[in-house]
Each structure stands twice: as structure tokens, then as C-alpha cells.
Amino acid sequence: MKLYGLSGTKISSAFISACINTPYNTTRFLKDLIAGITVGIIAIPLAMALAIASGVAPQHGLYTAIIAGFVIALTGGSRFSVSGPTAAFVVILYPVSIQFGLSGLLIATLLSGIFLILMGIIRLGRLIEYIPLPVVLGFTSGIAITIATMQIKDFFGLTLEHMPENYINKVIELMRKLPTINIADTSVGLITLIVLIVWPKFRMKISGHLPALVAGVLIMLIFNQFGYQIETIGSRFTYTLADNTTGHGIPPVLPEFILPWEHAGFTWDWTTFSALIPISITMAMLCAIESLLCAVVLDEMTHTKHHSNSELIGQGLGNIIAPFFGGISATAAIARSAANVKAGATSPIAAVLHALIVLLALICFAPLLSFIPLSAMAALLLIVAWNMSAVQRVIYIIKRAPKDDIIIMLICMSLTVLFDMVIAITIGIVLASILFMRRIARMTRLVELSQGNEKTLVLRISGPLFFAAAERTFLELYQKINGYQHIVLQWDAVPILDAGGLNALIHFIDELPAKVELSICELQFQPLKTLARAKIVPIPNKLMFYSTLDEALKDKI
């Protein structure tokens, strides 16, 4: 598949470059098959758990892994990425599903896919490079805290009719309901969690997700023998098929094609549509950040190079098509993609096979999946939240990074938990930009050179002359010129002159005392171009320009 951006540059999918441009043989297919089965086994419980956490039935997570996972693997720009529902979206999707229902969530997903394609077409694939690490760590850690908090109810089997929207109120309500803890649900959750933590120490190739769920189910069966009732997917969720057949748990049928706005309980009007637009933009931004971040991580693991704009377009196509089959928001999942690489994947076919494995599980094992305890699913998401929090990197930043970066990270983390991710990222980027400009501005200095005498002051400006530094620099210069007839400024270390710097220079020239001449020499290209566009020309006995410092000093020393 080849698409074209506005500039006419080809955007090729990773599927073509990995499977067609390079030889693909039986050996590679077997490696991809093993990787696809491995990641598929991981994706099945996670997809259901993330759908439940997002406020919809578990099968919608499976539909997402199947449809979006398949489409994005074929059209995306990262050959090892595995896409599907991810934990980062939970904090956005849950309020949408509560307020607008399943249809509202599907429509928002569809709109986010359109925005993603637009981002790819106008070549915003390098977006991730402009988001500082403290901001990324802050909002991902904040999301992890929120997700972990949301799992407390199911993990402990608390009796909680309504979960408050505000985070502080959530914590208060959860603490108030702690006396309703269910020992059976808690035991299942703890055993599942322990297996997930201990399993990697055995260094077995199979992921710990399946053994942990099996252990949780076995503990549930033991408690059932003593009369304890443990909530499962089957006991909480029901479904109704097209022929009005009803059942508990997950429907064992292929995803049906239904227009996103035709699901029951949705009222289409302009007010709803206008409310979903900003939400869909947020979803598109998060998908772009997470998918591109995942692609960068995979590039480091495999020494390959992804196509960032193709990845955005592929993610967009996946999020446009999936809602028509009941799929919710999807993006590249870092944990599943890393597992894909470690399992030996050689091409996007591994991600395609992962989607087919999930489809096979839906058709063949839906009744068995309905027996999975919700406390075991909560344990899975607690591990996901822990891995997402990047605790070691956060601690490293706190111990080693400048104070400004620490403050930005903690602010982003707090805002993500207390408000939402958009506010956190926006304020984080603004703060990071301001602090960065302050650091750069401090780099701009005036250095007095030894070539001067009692009539001539020779100074070198080192650093960019932009709005945050220029006023201070020229004010400092003005304080030095008393008693001198010639001021010589060497600009060989001035890489940038912006509108603010230009205005400060013009103001300095206008304020020069009578019979004081300013000479500027050794201009770099960008400042020279800026002065030319502003029509700054030599003024006899007031402003002169020279190629070298020696020329500027020739008649003055």
C-alpha cells in the first residue's frame, strides 16, 4: 500500500517493505507464526480487561484487537508494532462510554481515525520528538496511577454501586467501601497477581498471562465448592444477537458490521457531535504519541527504522474501520510489541497472525473466556499499570535531572490524575517550553574582547538573540558604552536573530548617543538574512557592517 502526502512524497507501509521488498520464506513465516501465537495469547485477556476498564463489554476489546490489529499491521509504518486496545486510553474512554454510551465511543474513535490520517498526510510523524521526556513520563505515570485505582473495586470485590468521576472522590469512596471486601475475589486476584510477578523468574518462553489466569480460575473453582460467589465476565455481562438470542459473557460469533451510530440508546444531534470532536482530537493525539513512542522503542530493539507518517495513517485507518465492527480505540501497544520482537517476529505478518489468533479464540473459546474472574482481570491491569508507570525512570529523573524537569514531571503526573491528560500535556509542554527558553536565554552573553582601547569597545555576543534574551543583552550593552566613540560587535556566535531580537537591535541603534558609531561584523547567514529582510542598511557615522573583525577595527584602533 502506498499513499501520498501533500508534498507528493511516497508513504509506504512497513508490510510492503518487510514482506515484499525483502525475501519472505517458510523460515520467516514460522518465526512470525510463533510470535503471533505468543502475542495473541497475551492480547486475549488484556483486550477484554481493557474493554471492561473502558466501560464497555469485553468482546469489544477482542473486536478491536482483531479488526484494528489486522488493518494497522497491513497499513502502518512500524513492522513490529502490535496494535489493539491499550491502558493509556482507559482514562479517556471510560468517561466517554459512561456519558455517550457505546455508540458515542465508536463515533469518537472513528473521528480520531480521520484526524490521525490528516496528521499523517500533513507529515506530523515527528511529533514525538517535540514532547519532552518529563512530560511523557508525567502523563504515563499519571495514567498508570488512575488505572491502578480503577482496579481496586474488582480486585477486592468491593460492593460499589457508582464510581465517582473525580479522582479524590474515587479514593474516598473506595476507602469507605473497604469493609465490603470479598475474601474470595481478593484471593483470586492475589494468586493471579503473584503468578504474574513470579512467572518471569522462571525464564520460560510462554508469557505469564495464561498461567496466571488459569491459576485464578482454579482458585475460583475451589472457593465455589464452599459456596462463595465470585464475579466473572459471564456473571456481569450479557449479549443479544441479531436473531434475539441472548447469553452471558462473550458472544461466540464473528464481529458484525453495524454503523457506529445505530447502536441502541444513542441519540444523534449536533450537541453530541460537537462534544465528541474535542474528545476525538484528544484520542488522536494520544494514539499518535503512543504509537510513535512504541515505534521508536522497537527501532532501538531491532536496529530498524519506522516510517512515522505511514504509522499515523495506518493507525488512522484501523481506528476508522474498527468502529464499524464494534471495535474501540486502538494504538500500538508497547508491551505486546516488545513481546512480539522477543518472540522472534520478522515482519508485520506476526501482528496479522496475532489478530487471527484472537479471532480463533473468540469463535472457539468464548464460553471458556466467560469463566474468567473479574478480580483476575484486575490483577492483569495492575501489572500493566505498574509497567506503564516506569517507576525506575521516574526515580532516576527525581535523583539526577535538573529541578525544572522534576517539577514538570510531577505537575504533569498530578494534573493527569486530578484532571485529564490533555490539560497535563498542554500545561507540561508550555512549562517545558518556557523553562527551555529561559535556559537558552541564559546562554546568551556579552564577552569583552582585548582588541579595544579607550575609544573603542569590542564585544562578542555569544548565543541566540531571540525575544527572551535580546532585551537583557542590549540593556547590558547600553550600560557599557559610556565614554566610547566606537562600539564593535562580533556576531560570529549568534546563530539566530528573531523579531524580538531585531526590535531590540533597532531600539538600541535609535538610542545610541550622538557621535557613537556601531559596527557589526561576522554575521551568520540567518541573522544576515533577517537584517536584509528588515531593510537594515548602513547609516553613515552610526551603523556599519563588516565581513571580519579586522576590517571593523581597521580605522578604529
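**Entry 1: surface and overall build**

I started with the surface: the protein chain exposes about 25,900 Å², and carbon and sulfur atoms supply 64% of that area. A reminder to myself that this is a predicted model.

Next I looked up the extent. The C-alpha trace spans about 100 × 60 × 55 Å along its principal axes. I then went through the secondary structure and found 21 helices and 11 strands in the protein chain. How many of the 557 residues count as buried, as a percentage? I got 54%.

I also checked how far contacts reach along the sequence. Taking contacts between residues at least 6 apart, I found that 79% join residues at least 24 apart.

**Entry 2: charges**

I asked where the charges sit on average. The protein chain has 37 positive and 32 negative charges, and their mean positions are 7 Å apart.

Then I turned to pairs. Side chains of opposite charge can pair when their charged atoms come close. My count came to 8 salt bridges.

**Entry 3: the network around Arg 236**

I was pleased to come across a network of salt bridges here, linking Lys 153, Asp 154, Glu 231 and Arg 236. I took two of its pairs in turn.

Asp 154 pairs with Arg 236, with 2.8 Å between the closest N and O atoms. This pair ties together distant parts of the chain: Asp 154 belongs to helix 5 (residues 133–156) and Arg 236 to helix 9 (residues 233–236), 82 residues apart. Is Asp 154 buried or exposed? I noted it as buried, at a relative accessible area of 13%. Arg 236, in contrast, counts as partly exposed at 29%.

Arg 236 also forms a salt bridge with Glu 231, where the closest N and O atoms are 3.0 Å apart. I have Glu 231 down as partly exposed too, with 31% relative accessibility.

**Entry 4: Asp 405 and Arg 439**

I followed another salt bridge, in which the side chains of Asp 405 and Arg 439 meet at 3.5 Å, N to O. Here too distant parts of the chain are linked: Asp 405 is in helix 16 (residues 403–418), Arg 439 is in helix 17 (residues 421–443), and 34 residues separate them. For burial, I wrote down 18% relative accessible area for Asp 405, which is buried, and 32% for Arg 439, which is partly exposed.

**Entry 5: cysteines**

How many disulfides does a search of the whole structure find? The answer was 0. I looked at Cys 294 in particular: the nearest cysteine sulfur belongs to Cys 287 and is 11 Å away. A disulfide needs the two sulfur atoms within 2.5 Å, so Cys 294 is in none. Cys 294 is buried, with a relative accessible area of 1%. I looked up Cys 521 as well, and Cys 521 is buried at 0%.

Last, I checked backbone angles. Lys 515 is not a glycine, yet its phi is positive, near 65°. I placed Lys 515 in the loop between helix 19 (499–510) and strand 10 (517–521). Lys 515 is exposed, with a relative accessible area of 80%.

Which other residue did I note for a positive phi? Glu 522, also a residue other than glycine, has phi near 60°. Glu 522 lies in the loop that runs between strand 10 and helix 20 (525–533). I recorded Glu 522 as partly exposed, at 22% relative accessible area.

Terms used:
Residues numbered from 1 in each chain as written. Predicted model: local features only at pLDDT ≥ 70, side-chain atom pairs only at ≥ 80, totals over all residues. Heavy atoms only, no water. Buried < 20%, exposed > 50% of the residue type's maximum accessible area, 1.4 Å probe, protein only. Helix = DSSP H or I, 4+ residues; strand = E, 2+ residues; numbered from the N terminus. Contact = heavy atoms within 4.5 Å. Areas by Shrake-Rupley, 256 points an atom, 1.4 Å probe, with all protein chains shown as cover. Lys, Arg positive; Asp, Glu negative; His and termini not counted. Charge placed at Lys NZ, Arg CZ, Asp CG, Glu CD. Salt bridge = Lys/Arg side-chain N within 4 Å of Asp/Glu carboxyl O.
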